[in-house]
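Subject: Structure for you to look at

Hello,

Here is the structure I said I would pass on. Please open it first, then read the notes below it.

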Amino acid sequence: MTATVPLLLHNGLLIDGRGGDPVQGGAVLVEDGLVRWAGPSSAQPPLPAGTREVDVRGNAILPGFIDCHVHMAAPGSELSLGELAVLPGSLRTLLSAPRMERTLLAGVTTARDLGGADAGHRKAVEDGLVLGPRLIVAIAMLSPTGGHGDFRSGTDDRDSDEPMTRLADGVDNCRQAVREVLRKGADCIKIAASGGVWSPTDQPDDDGFLEDEIATITEIAAGHRGKKVAAHAQGRSGIINAVRGGVASIEHGYEIDDEAIDLMLERGTFLVPTLTTAHTDPDPAKAASWAYAKKRHWQQVARRHIPHAIARGVRVAMGTDCGIADHGTNLRELGHLVEAGMTPMGAILAGTSEAAELVGMAEEIGTLEAGKRADVVVARGNPLTDISSLGSPENVLLVMKDGVAHKDTDALLG
Ligand SMILES: [Zn+2]
């Protein structure tokens, strides 16, 4: 399927990502990798000569989804982090290729990788060497010593050299660290504003970077073509430091409270609750006992706090933390968001237009409108009456990125 053949997908339930009522008998016209028109067939413009007309048989037509929090370099449950650490770097990279493909085939056409994937992963997808979602990469998470990016034990005196993280302390060192990841091609910046579950010497309610360090990082990122900062922040104090420091999104946000919610509403800060990972139970055979205990506790914290933030109307963008959770069923997150109080349409917007806004690509992706990139998903049935169906990749029948179909389960395209 080339990008240059005009294609009309019709007889669909069109959910265009703008939040209006779904359109029965909806259609999308794709040409040269772009959406030319989307709407009810009754209002269809004249078709370009040679347009192929494809009946999607009443299934849903949606924008390609955007996962704002993945780690393609991390293995999910395929391998323990210890097993991963001893692999040659080349093998670690090659192992990420099938994960990227699974993510695309699950309906995710754009993914923001918040640590681990580098400019090479992004280019491999752009050049068609690897099948995967368009990648927006942070390269490595910036973290203070002993923070969420520091995987040394308390008795380990080695200089840290984790491929997924870069340690920095103090404003000056943070300046250098953020400029380093920008030099390596970062599209966005990831920071640790609190401790975390899988780091050995901290707790999720320990502070990570402080407000002055975070403000320095966000200022430098903003001065590089408006690049945005995503903050790993789980405990309340870390969340507040990050919001005050000017980050674009709070990742996880498990202990978000009214003070943080007020600040986020005022500033338009996004919450990316990563419920897919929060709700994945730790494996007692694989997780260290300290990590197991932290995870169990913070799962409950998330279940108490996230629904309140949703009820109060904090802007939510979809992110899964796949890589910590297993890759390839990213759209299960939509079901989790609905369980946490969002409407099915709200969850779909979190995964499309809202996510596009967060990643700074709202002009190009996130809705099916004339001029946008033709990232299109056709999914079985009506996700507004059964949102969980989208979480099963077998219900994702067609995945198109930039007008090129990469999956066509039911041979809709013939
Ligand atoms: Zn993560």
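Buried area is the accessible area (1.4 Å probe) that two parts lose on being put together, summed over both. This is a predicted model, in which local features need pLDDT of at least 70 and side-chain atom pairs count only at pLDDT 80 or more, while totals for chains, interfaces and linings use all residues. Residues are numbered from 1 along each chain as its sequence is written, and side-chain values use heavy atoms, with hydrogens and water left out.

The chain is assigned domain 1 (7-64 + 367-408) and domain 2 (65-358); the bounds come from an automatic or database domain assignment. Their C-alpha centres lie 30 Å apart. Domain 1 and domain 2 each put 26 residues into the contact, meaning heavy atoms within 4.5 Å.

About 1900 Å² is buried between domain 1 and domain 2, and carbon and sulfur atoms give 71% of that area. Of the area that domain 1 buries against domain 2, 27% is supplied by Gly64, Ile387 and Lys401, more than any other three residues.

Two salt bridges are counted between domain 1 and domain 2. The term requires a side-chain nitrogen of Lys or Arg within 4 Å of a carboxyl oxygen of Asp or Glu. The side chains of aspartate 375 and arginine 134 form a salt bridge at 2.7 Å, N to O.

On the side of domain 1 that touches domain 2, β16 (396-401) is among the strands that supply at least two residues. Strands here are DSSP runs (E, at least two residues), numbered from the N terminus. The largest share of that side, four residues, comes from β16.

Regards
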